[in-house]
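Please read the numbered points alongside the sequence and the coordinates.

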Amino acid sequence: MCRWFAYVSPGEECLLEDVLITPAHSLSKQVHDHYLPKLISHDPENVTSEHEISVRNRLFNVDGLGIAWYTTVASGFGDGSGQLKPALYKNSQPPTNDANFHSICANTATTACFAHIRAATATSTTPVNNHPFVFGRHAIMHNGVVFGFIKIKRDLEDLIDDDIFEHIQGSTDSEHVAALYMTMLTKTSTEKGANTWNSHYSAAAMSKALTETFIAILKLQHQILGESGEANSLNVAVTDGKQLVAFRFRNHDTEQPPSPYYSQSAGVTLNRKYPDHPTEGIKNPRAFKKPEEHGRHIIVAKGSHLTKATKNTSSPNARQMRIRTPASHGNCNQRRTTPAKRRRSSNKAIKAEEEKATEQTLDQNTKKEEVAQSWIDDLSSDSSLSDPPSDLDLESDIESPYFSQPSTPIKASKVKPVKVRRPTISPYFPRQPVKRITCLPFPPLESTRFGLMQERLAHDPFRMLVATIFLNKTRGEQAMPVYFHLMSKYPTVESLANANVEDITRIIHSLGFQNSRARKCVELANAWLSHPPEKDRRYRKLNYPSRGDGRDVQPEETLSDHDQRVAWEIAHLPGLGAYALDSWRIFCRDKLRGLSSSWNGESSQITEFEPEWKRVVPTDKELRAYLTWMWLKLGYVWNKETGARTVADQGTLARAKEGGVVHDDGQYLILTTMPPKDDLMRNGERVKTTV
């Protein structure tokens, strides 16, 4: 599922780095590291099982990111409106190693921001498909899926105003939901066109527009898909920079929508101006402001809460929930002293106004045609959509169990000065990870095979290349059962080329990176059919096998075998990296070029023929171990870094002949041989040799 973060305050700025990068479970870390210890069970009568938590945390969010932060900079350059307007940054890559994202976050402060990391379902990973989607001063982001979107898309587009439809750039269901929301929001405006996108609308109007958007979608699904339609998952947040409305909705009798977390006090913890730190039990030595000086704000996080709390309770157990921010009054940076009586009267006024608007909406809906699907009635009449949840006090600070609360008391007069001892280990930088040693079986030199999957698939280059997509960054015992399952369902290149990416994603989802891997398989199959590898026809591959290689070859240029420039017969195929090219060179290239009947140089008619595998210097640990074994069969010790080889002494060959286990210590491959049964230990330890 996608994950998002929202922050809105009338005047208290947050540094994007403090809210999106620094916390232990920040949005940028949730690309691979999810933290959802307490989920609502799909069965409301049961507690969430560990298995269900594992399944719902399995998917990675690697299909892009987007952030929208509000600023008034344009007002100083001729725009006299003084309005907050969203600045937008999107990238099709995850934020983990995005230098531009980190630079923006380290140097940008704002009173309102939306951030989103994407797990694509069936649409392409391109920046225009990333959230948030911006229409004038309004930003919208979504997590979930509109069931049967492709089938209702054309009818859904008919409901969208022309000027808003022309603003759609991508192909996702989420952007069409955003466009339909803007249509519902602006339909009562006297103006038309993009001018209405910068108008101010109340939080009640924004909530009503989202409700009408959901109703319209459910009606289309009922009319077009009938009773066979599955449940939708709609977790939406909208803002104009001043107000925030967030919905969670799922039209299912028992299944719960993934719940957002909210807080009206965690901003103190997520701001380096104040003493608290996102890591519990640690104080911020750079703080220069008191907690009671922090302004009013609200944070809503869809995915993981940002910090581990001492208490964990589930989010509101309801199919629909709405969170909104109230209008701001006065100086938000000053300490709030509103009496409880004023808060209660304010809540009553807000509730009465919204109930009146809801009653008018219901009166209008009853005049329309009746819709059989009961979820439409539930959605239009459920008071939880028109009124704030009973456990959410809009005018008082909520001690959310999902965020660390400020440890310093609010009343400054009772605070005693405490000397904070700077920790000996910096809390701002993680410890160096423990180095892990990977061990691989090393068969005896008399064996005919080393045991790599590439050896089994060398006769079928296409299937071997597909296997490298699965084996890259994944253990063979985990990847290969899924690979063979996929190949049994799509046994030919043609069947895989015509396969639905979504179907492949479901088959391989347990491996991770399922969206990109599924697309690579289909794209590789189509490219193989249109331009299969041919002898005497090579293409450039930049910086392979060495840095700078391929720069002297034009992108569309093809080279013959007589050309001395570096190029490869499969370099034009999509989705292939160094691991795939190394595997193909070792096991397939000689046969394609007609130099031998197999990868190890058999039946070659060329005098002093040197197989291609002898020129490969891979970086993959298994391919390195394989070539070490191959060179030892020929009587040489091979340097895995440079490819140089030296004659092996008789002791090394004698020990390697028995086989054993090899592990990489970073500089050499260390072979540990198993001792004979009649001599279990030799001088107190097993025999080791450097190969």
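1. The sulfur of Cys14 lies 4.6 Å from the closest cysteine sulfur, that of Cys113, which is too far for a bond. A disulfide is here a pair of cysteine sulfur atoms within 2.5 Å, and a search of the whole structure returns 0 of them. Cys14 is buried, at 2% relative accessible area, and Cys521 is buried at 0%. Buried denotes under 20% relative accessible area, exposed over 50%, and partly exposed the range in between (1.4 Å probe, protein chains only).

2. This is a predicted model, in which local features need pLDDT of at least 70 and side-chain atom pairs count only at pLDDT 80 or more, whereas totals for chains, interfaces and linings use all residues. Residues are numbered from 1 along each chain as its sequence is written, and side-chain values use heavy atoms, with hydrogens and water left out.

3. Strand E8 (residues 138–145) has 6 of its 8 residues buried, so the rest of the structure largely encloses it. Helices (H or I, at least four residues) and strands (E, at least two) are DSSP runs numbered from the N terminus. Two strands pair if DSSP finds at least two bridges between them. E8 pairs with strand E9 (residues 233–239) in the antiparallel sense over 7 bridges, and Asn143 stands opposite Asn235 in E9.

4. Strand E7 (residues 133–135) runs antiparallel to E8 and is joined to it by 3 bridges, with Phe133 opposite Ile140. The two strands form a hairpin with 2 residues between them, and Gly136 in the turn has a positive phi of about 65 degrees. In the loop between strand E6 (112–117) and E7 lies Pro132, whose peptide bond from His131 is cis, with omega near -5 degrees.

5. Asp582, in helix H17 (residues 578–587), is buried yet has no salt bridge, the nearest side chain of opposite charge being Arg585 at 4.5 Å. A salt bridge requires a side-chain nitrogen of Lys or Arg within 4 Å of a carboxyl oxygen of Asp or Glu; Lys and Arg count as positive and Asp and Glu as negative, while His and the chain ends are not counted. Beyond its neighbours within four places in sequence, Asp582 is in contact (heavy atoms within 4.5 Å) with residues including Tyr544 and Leu623. A cis peptide bond joins Tyr544 and Pro545, with omega about 0 degrees.

6. Lys473, not a glycine, has a positive phi of about 65 degrees and is exposed at 76% relative accessibility.
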